Amino acid sequence: MDGAEEKKVKVGEPGEEEGGSPKATQELVDSIEKLQVIQDELEAINAKAIYEVLEVEKKFNELRKPVFSRRNEVIGSIRDFWLIAFLSHPVLGEFVSKEDEKILKHMVSLELEEAKDAKSGYSIVLNFSPNPYFEDKKLTKTYCFDEVGDLSIMCEPIKWKEGKGITDGDRHEKGAKRPYTSESFFTWFSEVVWSDGRVDEIAEIIRDDLWPNPLKHLQNEVDATGLYGEGEGEEVTGGGNEGINADEEDEDVLDDDDKEYREEDGDDEEEIDYEGTDADADEEN
């Protein structure tokens, strides 16, 4: 018998004489049985607690919905909000390429949809205005957990317009207008990619950080530079990206197709001659 086997403690049946008297062995067996009963009681309470916590979470998810809707309305009035929110995040910004920036300028809202049974999973939904890159009005990636906690991921392929698929290397080889980009947010969104075993880091960041409070990281950029690079600085930067320069953003970030879509959507902004306005005011005074 080796050392490991010698260290094993054997709980004998009544009448056995190893490790103590028959009476002591019976007491040990009785104690373990009592502990098991108590443990079963605790497990029943834990199961009830999980159910009630989920019911409370469902209740508050319903209360949050109209608030999220109001938040979306305000966000919709801020140009390039989600693009800058992604770029400002210290982790997500690393996954946003220059090509992604052009696409994210057309993103109008982000939504997190919980499954009816909250512990069963959730969906990340990105909504877009009409754009020159893909046909989809929304992109959805769904995470589902089965009864034993195993995770499965579902996502519909992005319907890229001709020559626009940034995750398709073959198109690049055939002379596509858009270069192939291996490090891309949309590569992650359209594929099942694990960053750490069974953990999808990007999904968890969007669910637990960006979605609950997109202002957390963006606010630092607004305070330092202004939302579009105004103020002391010139650029809104985020994890590894050069950011968006206010004077060059339309030239550097928008391509010809973007500009056409902006004109069709009536996004051209009227220029205001502030100097002329001031001069007129001085004459009146």
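## Basis of the values

Because the model is predicted, local features need pLDDT of at least 70 and side-chain atom pairs count only at pLDDT 80 or more, while totals for chains, interfaces and linings use all residues. Residues are numbered from 1 along each chain as its sequence is written, and side-chain values use heavy atoms, with hydrogens and water left out.

## Helix α3

Helices here are DSSP runs (H or I, at least four residues), as are strands (E, at least two), and they are numbered from the N terminus. Helix α3 covers residues 81–88. Its residues Phe81, Trp82, Leu83, Ile84, Ala85, Phe86, Leu87 and Ser88 are buried. Buried means under 20% relative accessible area, exposed means over 50%, and partly exposed lies in between (1.4 Å probe, protein chains only). Since eight of the eight residues are buried, α3 is largely enclosed by the rest of the structure.

## The largest nonpolar core

A nonpolar core is a set of buried Ala, Val, Leu, Ile, Met, Phe, Trp, Tyr and Cys residues joined through side-chain atoms within 4.5 Å. The largest one has 39 residues, of which Ile124 and Phe186 touch the most other members. Elements that give two or more residues to this core include α3, β1 (107–114), β2 (121–128) and α7 (201–210). Helix α3 gives the most, with seven residues.

## A patch on the surface

Leu35, Ile38, Leu42 and Ile45 form a nonpolar patch on the surface, with about 380 Å² of accessible area together. Patches of this kind join nonpolar side chains (Val, Leu, Ile, Met, Phe, Trp, Tyr) within 5 Å, from residues with over 30% relative accessible area and no salt bridge. Accessible areas come from the Shrake-Rupley method with a 1.4 Å probe, and for residues only the protein chains shown count as cover. Ile38 lies in helix α2 (residues 22–75) and is partly exposed, at 46% relative accessible area.

## Salt bridges

A salt bridge is a side-chain nitrogen of Lys or Arg within 4 Å of a carboxyl oxygen of Asp or Glu. The count by this rule is nine. One of them pairs Arg64 with Glu57 (3.2 Å, N to O). Arg64 is partly exposed at 34%, and Glu57 is partly exposed at 31%.

Another pairs Arg207 with Asp208 (2.9 Å, N to O). Asp208 is in helix α7 and is partly exposed at 48%; Arg207 is partly exposed at 23%. Salt bridges that share partners also join Arg79, Asp80 and Lys105 into one network.

Key: Patches are made of residues with over 30% relative accessible area and no salt bridge: like charges are joined within 9 Å, nonpolar side chains (Val, Leu, Ile, Met, Phe, Trp, Tyr) within 5 Å.
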